[in-house]
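Welcome! Have the sequence and the 3D view open, and work through the exercises below one at a time.

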Amino acid sequence: SLKKELEKNHKVTFAIEQYEELDDFSIYKKDVNINDYDLFFISPGIGNNDELYLKLKENNKPISSELEYALDKLKNNKIIAITGSNGKTTVASLLSYILTKKHIKHVLAGNIGDPLINYINIDKDTLIILEVSSFQLERLNNLKPYISIITNITPNHLDRHTLNEYI
């Protein structure tokens with residue numbers, strides 16, 4: 001599992017927006033001592049104004065995500081990243097359908113289908129179609145797609161980011 005692999009080199013905790021316990025890894029509680037861990041995986045659902053996120057930034061703690069980790073492991077694969085306000089799933093599904101008909105080896109991951117982390121052991125010749133939300137994009141540092149598709153941009157999620165940040 002991701003937790004076991006990470007714990008070989010880190011004391012890690014995961015944060016999701018529901019703050020609940022899961023069987024195979026610990027989920028932070030609001031009173032977590034950030035000094036007990038050296039790596040934090042933060043769900044895209046946790047905003048930049050969340051108290052844990054602000055505390056981690058203030059204390060220069062390393063923050064990552066499932067997607068960031070997977071992208072690092074898959075840096076030799078070609079990625080077609082799809083984002084936008086609307087139509088991401090339609091475009092990703094259509095592209096997958098076309099590639100399937102052309103017998104091109106690929107996976108469909110991200111906001112559609114399985115999380116990208118499920119594919120970290122695929123061979124480097126497998127093309128990745130990755131649907132990515134604005135919440136995921138705002139903290140990614142290592143997404144370097146072979147092809148980028150932006151379906152459209154309309155004022156969305158303005159409770160989370162300004163229109164300029166969204167764009």
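Two strands count as paired if DSSP finds at least two bridges between them. Keep in mind that this is a predicted model.

**Exercise 1. Find out how many helices and strands the protein has, and in what order its elements run.**

Solution. 
- Step 1: Count the elements. There are six helices and seven strands.
- Step 2: The elements come in the order α-β-β-α-β-α-β-α-β-β-α-β-α.
- Step 3: Look at the protein as a whole. Of its 167 residues, 41% are buried. Among contacts between residues at least 6 apart in sequence, 59% link residues at least 24 apart.

**Exercise 2. Work out the strand order of the four-stranded sheet and name its edge strands.**

Solution. 
- Step 1: Trace the pairings. β5 and β6 are parallel and share five bridges. β4 is joined to β6 by four bridges, again in parallel, and four bridges also connect β4 (residues 79–83) with β7 in the parallel sense.
- Step 2: β5 (106–110) and β7 (147–150) each pair on one side only.
- Step 3: Locate some partners in the view. Leu130 of β6 is the bridge partner of Ala81, and Ala109 also stands opposite Leu130. In β7, Ile150 is the bridge partner of Thr83.

**Exercise 3. Decide whether β6 is enclosed or open to the outside.**

Solution. 
- Step 1: Recall a general point: side chains in a regular strand alternate between the two faces of the sheet.
- Step 2: Take each face of β6 in turn. Leu127, Ile129 and Glu131 are buried on one side, and Ile128 and Leu130 are buried on the other.
- Step 3: Conclude. Five of the five residues of β6 are buried, so the strand is largely enclosed by the rest of the structure.

**Exercise 4. Describe how α4 lies on the sheet and which of its residues are buried or exposed.**

Solution. 
- Step 1: Place the helix. α4 (residues 88–101) lies across β4, β5, β6 (127–131) and β7, and runs at about 165° to β6.
- Step 2: Check its length. The 14 residues of α4 reach 20 Å from first C-alpha to last, close to the 20 Å expected at 1.5 Å a residue.
- Step 3: List the buried residues of α4: Lys88, Ala92, Leu95, Ser96 and Leu99. These cover an arc of only 100° around the axis, which puts them on the same side of α4.
- Step 4: Ask what covers them. The cover includes β4, β5 and β6.
- Step 5: Turn to the other side of α4, where Thr90, Leu94, Tyr97 and Lys101 are exposed.

Note on methods: Residues are numbered from 1 along each chain as its sequence is written. This is a predicted model: local features need pLDDT of at least 70, side-chain atom pairs count only at pLDDT 80 or more; totals for chains, interfaces and linings use all residues. Side-chain values use heavy atoms; hydrogens and water are left out. Helices (H or I, at least four residues) and strands (E, at least two) are DSSP runs, numbered from the N terminus. Contact means heavy atoms within 4.5 Å. Axes are lines fitted to C-alpha atoms, for helices over the stretch in contact, and angles run from 0 to 180 degrees between N-to-C directions. Buried means under 20% relative accessible area, exposed over 50%, partly exposed in between (1.4 Å probe, protein chains only). The expected span of a helix is 1.5 Å times one less than its number of residues. The arc is that of the directions from the helix axis to the C-beta atoms.
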